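Here is a brisk report on a structure. Please keep the sequence and the 3D view open while reading.

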Number of protein chains: 2
Amino acid sequence: MKYDFPVTRTTTPKAKPDPDTLRFGVDFTDHMFIMDYEEGKGWIDGRIVPYGPLTLDPAAVVFHYAQEMFEGLKAYKTADGKVQLFRPDMNAKRTNRTNNRLCIPQIDEDLYVEAIKALVRVDADWIPQKEGTSLYIRPFIIADEPFLGVRRANHYKFIIILSPVGPYYVGGLAPTKIYVEDKYVRATDGGTGEAKCGGNYAASLKAQEEAHEKGYEQILWLDGVQRKYVEEIGTSNAFFVIDNEVITAPLDGTILPGITRDSVIALLKKEGYKITERKLSIDEVVQAHKDGKFQEMFASGTAAVISPVGELCYKGDKMVINEGKIGPIAQKMYDTIYGIQTGTVEDTLGWTVPVE
Amino acid sequence: MKYDFPVTRTTTPKAKPDPDTLRFGVDFTDHMFIMDYEEGKGWIDGRIVPYGPLTLDPAAVVFHYAQEMFEGLKAYKTADGKVQLFRPDMNAKRTNRTNNRLCIPQIDEDLYVEAIKALVRVDADWIPQKEGTSLYIRPFIIADEPFLGVRRANHYKFIIILSPVGPYYVGGLAPTKIYVEDKYVRATDGGTGEAKCGGNYAASLKAQEEAHEKGYEQILWLDGVQRKYVEEIGTSNAFFVIDNEVITAPLDGTILPGITRDSVIALLKKEGYKITERKLSIDEVVQAHKDGKFQEMFASGTAAVISPVGELCYKGDKMVINEGKIGPIAQKMYDTIYGIQTGTVEDTLGWTVPVE
């Protein structure tokens with residue numbers, strides 16, 4: 001093995017949660033990966049240790065200036081017991097793009113993927129196999145140098161934790177109701193919209209709560225300059241099917257470059273669909289609905305894979321999409337991607353990575 | 001006393017730093033204040049304990065989604081040995097406004113100020129008295145519930161730490177060189193610009209570093225929609241004196257409502273200056289410089305109080321302001337505010353709060 005991370009095994013293994021009642025992101029496995037960054041030494045001491053609390057100075061930069069980033073991916077166990085990851089190289093690449101925006105040091109992408117594999121190997125018994133479940137992998141980086149001036153930190157921790165998860169939405173593939181947000185803004189050109197950093201998520205909570213109060217599960221963000229062009233759905237990428245064209249927002253700085261988004265685009269192209277990355281105004285969506293041409297809408301993301309949208313509300317007007325049911329393209333994308341991830345659909349694109 | 005926070009005193013007091021070589025935010029006192037929030041119980045168990053590391057689950061929300069906020073204020077020791085704070089009620093109010101935007105529970109503002117006083121009382125020996133030094137007070141809140149779904153946390157910690165500090169800028173009141181940022185954006189309407197949350201600061205590091213590489217100490221942010229109107233200087237508010245009018249950006253959602261900003265406005269009004277909160281385009285600044293009417297520019301903030309600007313660079317063109325020297329209004333504001341804070345200027349506005 002190229003990397004030989006020392007492993008300290010727990011002496012008090014935890015009971016594994018019931019796979020029938022798994023929730024998202026509340027149970028954690030027995031071990032975690034930690035690696036430190038020290039200015040002048042680089043990333044050092046990658047190691048696997050028992051899952052347990054972090055001890056940080058109260059002046060650590062992460063608590064004050066949110067110099068932090070995270071990623072999310074999943075490990076699956078196939079019917080014949082093999083463990084595999086889905087496109088982990090994409091998470092490593094995106095980490096470095098986020099790090100660049102947040103002034104966090106770059107990480108070797110090969111080491112990054114090998115660290116994930118090494119940890120998943122140690123806790124492989126935790127991967128649930130029930131339909132719709134998986135082992136969620138959360139790599140994240142925090143600046144832990146203690147000082148209160150505003151500048152990039154000189155010390156960081158890169159940590160990976162694992163969580164056996166059920167469906168992200170309690171309703172599973174049931175279509176969601178989405179509120180078009182026209183007050184709060186998620187991202188703007190020149191900001192951090194394309195980075196996977198904590199600040200983006202803290203900023204989104206208020207809009208999400210206000211949508212919940214109105215009876216909607218999530219929000220559709222509009223662009224920060226004109227409040228005109230559709231951007232993302234909550235923390236996922238957004239896809240619209242209008243007049244047989246599948247449309248998603250282009251990666252022009254405010255959109256998170258989703259790995260599921262990339263996979264959907266690649267699969268649709270391969271299957272011959274008309275798929276376009278372009279600016280789409282909410283007015284065009286409304287007009288298409290009036291004309292009976294708004295066929296489907298869905299969100300794509302690692303947590304839920306594909307989440308169909310059954311209703312969209314813009315300025316009080318409600319648009320029911322595909323009679324409130326999951327559409328054929330959303331269903332096909334879910335079946336294909338989840339099938340590749342779990343080994344029931346052939347991986348012709350070389351996306352899965354085995355964990356031996 | 002209305003609040004009786006239990007105090008656990010350190011048994012290993014630290015040596016105090018040399019007041020002649022104090023830096024900003026690297027030394028911390030012997031104690032800190034901690035209070036927990038539990039959903040259903042509210043803010044509980046306010047206590048003063050020895051300064052020391054926090055122990056948090058690696059899945060704590062603050063590490064992933066940056067649900068966190070902070071404040072900054074200072075305690076000063078007057079020539080006759082009295083300890084006083086500067087407008088701490090304003091920090092308490094701003095905390096609650098930030099908390100509202102970040103979905104963090106509200107804190108009783110009276111309790112907030114009393115907690116600061118109680119901690120400063122315990123570590124009063126740490127307040128330096130040399131010219132330009134003070135005890136910097138950093139209240140902050142972090143979401144420490146461990147879970148990976150994106151929603152508001154149900155558990156938080158409110159913490160106050162203290163740091164004896166020297167001048168924020170090594171040069172003290174020496175005029176700074178500022179770069180007008182036209183690529184990165186700090187805040188946009190509908191975002192978190194008026195909240196004092198970590199995400200805003202992480203997002204600003206990259207622009208600050210690129211300005212440093214070009215030889216500038218700080219950046220002047222422009223608005224996120226048109227890149228036209230001046231907003232803030234780094235992490236401070238910005239004031240411009242043009243043709244005898246003092247101008248600062250209005251509090252319309254993207255600007256941090258600075259307490260020093262508010263104090264400067266109140267003092268200038270009281271002294272009869274023409275002070276206007278209005279949108280000011282960078283083009284108007286450039287034109288005023290050409291016309292010989294751009295008289296002064298300075299930043300206001302808790303850390304540096306007043307920081308004069310001697311040079312402004314916009315799209316490669318350099319504008320020297322007031323021959324690169326501190327202007328009369330900046331000097332007067334520094335002398336007055338720092339004087340009130342340290343007890344050498346009469347506090348006719350009732351801004352100082354004694355810590356008995």
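## The hairpin of β16(B) and β17(B)

Two residues lie between β16(B) and β17(B), which form a hairpin. In its turn, B:Lys315 has a positive phi of about 50 degrees. Strands here are DSSP runs (E, at least two residues), and helices are runs of H or I with at least four; both are numbered from the N terminus. Strands pair if DSSP finds at least two bridges between them. β17(B) covers residues 317-320. Four bridges join β17(B) to β16(B), and the two run antiparallel. B:Leu312 stands opposite B:Met319 in β17(B).

This is a predicted model: local features need pLDDT of at least 70, side-chain atom pairs count only at pLDDT 80 or more, and totals for chains, interfaces and linings use all residues. Residues are numbered from 1 along each chain as its sequence is written, chains are lettered from A and ligands numbered from 1 in the order in which they are written, and side-chain values use heavy atoms, with hydrogens and water left out.

β16(B) spans residues 305-314. The strand is mostly covered: 10 of its 10 residues are buried. Buried means under 20% relative accessible area, exposed over 50%, and partly exposed in between (1.4 Å probe, protein chains only).

Which strand forms a hairpin with β16(B) with three residues between them? That is β15(B), residues 294-301. β15(B) and β16(B) pair in the antiparallel sense over four bridges. B:Phe298 has B:Pro308 as its bridge partner in β16(B). β9(B), residues 176-180, pairs with β16(B) in the parallel sense, also over four bridges. There, B:Tyr179 is partnered by B:Cys313 of β16(B).

## Strand β7(B)

β7(B) is mostly covered too, with 10 of its 10 residues buried. B:Ser134, B:Tyr136, B:Arg138, B:Phe140 and B:Ile142 point one way. B:Leu135, B:Ile137, B:Pro139, B:Ile141 and B:Ala143 point the other way.

β7(B) pairs with β8(B), residues 155-165, in the antiparallel sense over 10 bridges. B:Arg138 has B:Ile161 as its bridge partner in β8(B). β4(B), residues 68-70, pairs antiparallel with β7(B) over three bridges. B:Met69 stands opposite B:Ile141 there. β5(B), residues 73-77, is joined to β7(B) by three bridges and runs antiparallel to it. B:Ala75 stands opposite B:Leu135 in β7(B).

## Rings and charges

The structure holds 39 aromatic pairs over all chains. Rings of Phe, Tyr and Trp (its six-membered ring) pair if their centres lie within 6.5 Å; planes under 30 degrees apart count as stacked, over 60 as edge-to-face and the rest as tilted. A:Phe63 and B:Phe140 form a stacked pair, 6.4 Å centre to centre with 25 degrees between the planes. A:Phe63 lies in helix α1 (residues 61-65) of chain A and B:Phe140 in β7(B), so the pair joins two chains. Both A:Phe63 and B:Phe140 are buried.

In chain A, ring pairs link a cluster whose members include A:Tyr3, A:Phe33, A:Trp43 and A:Tyr156. A:Lys177 lies over the face of A:Tyr216, 5.3 Å from the ring centre. In chain B, the charged end of B:Lys177 sits over the ring of B:Tyr216, 5.3 Å from its centre. A charge sits over a ring if NZ of Lys or CZ of Arg is within 6 Å of the ring centre and within 35 degrees of the ring normal.

## How the two copies relate

Chain A superposes on chain B by a rotation of 180 degrees with 0.0 Å of shift along its axis (RMSD 0.0 Å). The two copies are thus related as by a two-fold rotation axis. In chain A, the C-alpha nearest the axis belongs to A:Gly199, 1.9 Å from it. The same surface serves both copies: 100% of the contact residues of chain A recur in chain B. Contact means heavy atoms within 4.5 Å. Superposition is by least squares on the C-alpha atoms of residues with pLDDT of at least 70 in both copies.

## Helix α5(B)

α5(B), residues 259-270, has 12 residues. Its buried residues include B:Ile259, B:Val264 and B:Leu268. Just after α5(B), B:Gly272 takes a positive phi of about 90 degrees.

Key: Expected span 1.5 Å × (residues − 1).
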